[in-house]
Amino acid sequence: MVKGVIFDLDGTLLDTIEDIADANNRMLVEFGYPTHHVNKYIEWIGNGARTLEEASLPPHARKENTLSYITKYKVYYEAHLNAKTKLFPEVANVLDALTSKNIPMAIVTNKPQPLANKVVNAFLSNWGFKSVIGHSNHFPHKPDTKGALHFAKQIECNPDQILFIGDSCVDIQTAIAAGMIPMGVSWGYGNPSLGGNNINVIHSPQRITDYIKNTYIYENESCTTVW
């Protein structure tokens, strides 16, 4: 039975790629570098801001200290993080359903913690996530499992009873390494099927509640509770 759910953020709950691309392109223009189409950012997103920055910079600039580039990108992104970002269709319905059943939820993202907090406050404050875990000195980037296992400990739940949902192979690798139930989504930016063999990849958010409902009924065949 699923007793907790972890969501990735970018590409899973929220369509953030245009705001990310716009902010990074503004940074590149300021430093006199070529900009990139949003499709390139889809290729680069998912492994943290530093990886995205380095991929977008010209080769000679990658050899420099990239901190100034990252800092400027974060300034632009923080100022315009809700210009084009939106929830993916049907996500709100799923979060409502899980909340109504008191299923604990968390977000584990490779977004820097301060930016993760701002984005969640702007778009996901209607739902009570137990944890919002971004990249920080305390929580390394996924596929490190520290953030995921922190949530399991927080809700006093075995990892194998937690559903970990994401759009990238990094999310699937994290779920498997943490001993959780991996679920990939097809509407995001990555290819979750690359994270392991026989991965359950869904094509609609509604399938999340269907999956949890089915595991609940299977474990409680005599239970008459209506999901």
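Helix axes here are lines fitted to C-alpha atoms over the stretch in contact, and the angle between two of them is taken between their N-to-C directions. With that in hand, welcome to a set of close-ups of a predicted model.

**View 1. Helices α5 and α7 side by side.** The axes of α5 and helix α7 (residues 113–123) cross at roughly 10° and come within 11 Å. Angles under 35 degrees count as roughly parallel, and α5 and α7 are therefore roughly parallel to each other. From α5, the residues in contact are Lys74, Tyr77 and Glu78, and they meet Leu115, Lys118 and Val119 of α7. By type, the residues of this contact between α5 and α7 comprise 3 nonpolar, no polar and 3 charged.

View 2. Helix α1 (residues 17–30) packs with helix α3 (residues 49–56) at an angle of about 55°, and their axes are 11 Å apart. The two helices, α1 and α3, are therefore oblique to each other. For the handedness, look at how α1 passes α3: the crossing is right-handed. On the α1 side you will find Ile20, Asn24, Met27 and Leu28, which meet Leu52, Glu53 and Ser56 in α3. Sorted by type, the contact of α1 with α3 has 4 nonpolar residues, 2 polar ones and 1 charged.

**View 3. A salt bridge between Lys111 and Asp10.** The model has 9 salt bridges by the rule used here. In this one, the closest N and O atoms of Lys111 and Asp10 are 2.7 Å apart. Lys111 sits in strand β4 (residues 105–112) and Asp10 in the loop between β1 (4–7) and β2 (14–15), so the pair ties together parts that are 101 residues apart in sequence.

View 4. Lys72 counts as partly exposed, at 27% relative accessibility.

View 5. The side chains of Asp210 and Arg207 form a salt bridge, with an N to O distance of 3.0 Å. Both residues lie in helix α10 (residues 206–219), where Asp210 and Arg207 are 3 residues apart, about one turn of the helix. Asp210 is partly exposed, with a relative accessible area of 22%, and Arg207 is partly exposed at 44%. While you have salt bridges on screen, select Asp8, Lys142 and Asp171 as well: salt bridges that share partners join them into one network.

**View 6. Val75 and Ala23.** Val75 is found in helix α5. With a relative accessible area of 48%, Val75 is partly exposed. How many residues apart in sequence are Val75 and Ala23? The answer is 52 residues, while in space the two are 8.3 Å apart, C-alpha to C-alpha.

Technical notes. Residues numbered from 1 in each chain as written. Predicted model: local features only at pLDDT ≥ 70, side-chain atom pairs only at ≥ 80, totals over all residues. Heavy atoms only, no water. Axes fitted to C-alpha atoms, helices over the stretch in contact; angles between N-to-C directions. Helix = DSSP H or I, 4+ residues; strand = E, 2+ residues; numbered from the N terminus. Parallel < 35°, antiparallel > 145°, perpendicular 65-115°, else oblique. Left-handed = near helix turned anticlockwise from the far one by under 90°. Contact = heavy atoms within 4.5 Å. Nonpolar A, V, L, I, M, F, W, Y, C, P; charged D, E, K, R; others polar. Salt bridge = Lys/Arg side-chain N within 4 Å of Asp/Glu carboxyl O. Buried < 20%, exposed > 50% of the residue type's maximum accessible area, 1.4 Å probe, protein only.
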